[in-house]
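Have a look at the fold first, then go through the points below.

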Amino acid sequence: MTAIPPRDYPHPVTVEIGGVTRTATFARLADALAAVRTALARLPLDDDHAAYLTDLFAPESTARVARRLADVGALRTIAFVGIHAHPIHLRPAESPESPESPEGPDGTAGADEFPEPV
């Protein structure tokens with residue numbers, strides 16, 4: 001089993017919200033979660049679903065998400081806006097020069113920052 005600090009994840013994280021954002025890579029898990037929260041806050045989610053996603057991506061959930069990334073290799077869920085599904089995918093980032101990271105060798109997004117939506 002991989003040992004990780006209780007509130008940190010030692011690798012960059014790649015995040016995408018299908019139909020809402022393009023793929024972005026963040027140097028810190030906390031920054032990735034903040035960006036997801038910011039993007040989700042702009043969606044017209046129903047109250048129950050918004051509460052579930054708020055809890056899943058809350059700052060207090062950083063250790064749980066880090067454990068999931070370390071043990072499973074990804075965190076996937078769906079944001080429903082009416083009948084439209086927007087898959088949310090967090091995973092450890094590949095090398096910066098991979099096709100998933102169009103920013104190039106030093107390309108990571110800052111906190112609360114996604115590229116323009118698709």
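**Strands and core at a glance**

Strands β1 and β2 pair up antiparallel, with three bridges between them. Keep in mind that this is a predicted model.

**The β1–β2 hairpin**
- Six residues sit between β1 and β2 in their hairpin, and G19 in that turn has a positive phi of about 75 degrees.
- Looking across to β2, V15 has A24 as its bridge partner.

**β1 against β4**
- β1 (residues 13-17) also runs antiparallel to β4 (residues 84-92), and five bridges join the two.
- Along this pairing, E16 stands opposite H89, while I17 has I88 as its bridge partner.

**β3 against β4**
- β3 (residues 75-81) pairs with β4 through seven bridges, again in the antiparallel sense.
- V81 of β3 faces H84 of β4.
- Two residues lie between these strands in their hairpin, where G82 takes a positive phi near 65 degrees.

**The nonpolar core**
- The largest nonpolar core counts 27 residues, and V13, L29, L40, L53, F57, I88 and L90 have the most contacts inside it.
- Each of β1, β2 (24-26), α1 (29-41), α2 (47-56), α3 (62-71), β3 and β4 supplies at least two residues of this core.
- Which element gives the most? That's α1, with seven residues.
- As general background, nonpolar side chains in soluble globular proteins tend to be buried together.

**Helix α3**
- Which residues of α3 are buried? They are T62, V65, A66 and L69.
- These four cover an arc of only 100 degrees around the axis, so they end up on the same side of α3.
- What do the buried residues of α3 pack against? Their partners are β1, α1, α2, β3 and β4.
- After α3 comes G73, which has a positive phi near 95 degrees.

How values were computed: Residues numbered from 1 in each chain as written. Predicted model: local features only at pLDDT ≥ 70, side-chain atom pairs only at ≥ 80, totals over all residues. Heavy atoms only, no water. Pairing = 2+ DSSP bridges. Core = buried A, V, L, I, M, F, W, Y, C linked by side-chain atoms within 4.5 Å. Buried < 20%, exposed > 50% of the residue type's maximum accessible area, 1.4 Å probe, protein only. Arc of directions from axis to C-beta. Contact = heavy atoms within 4.5 Å.
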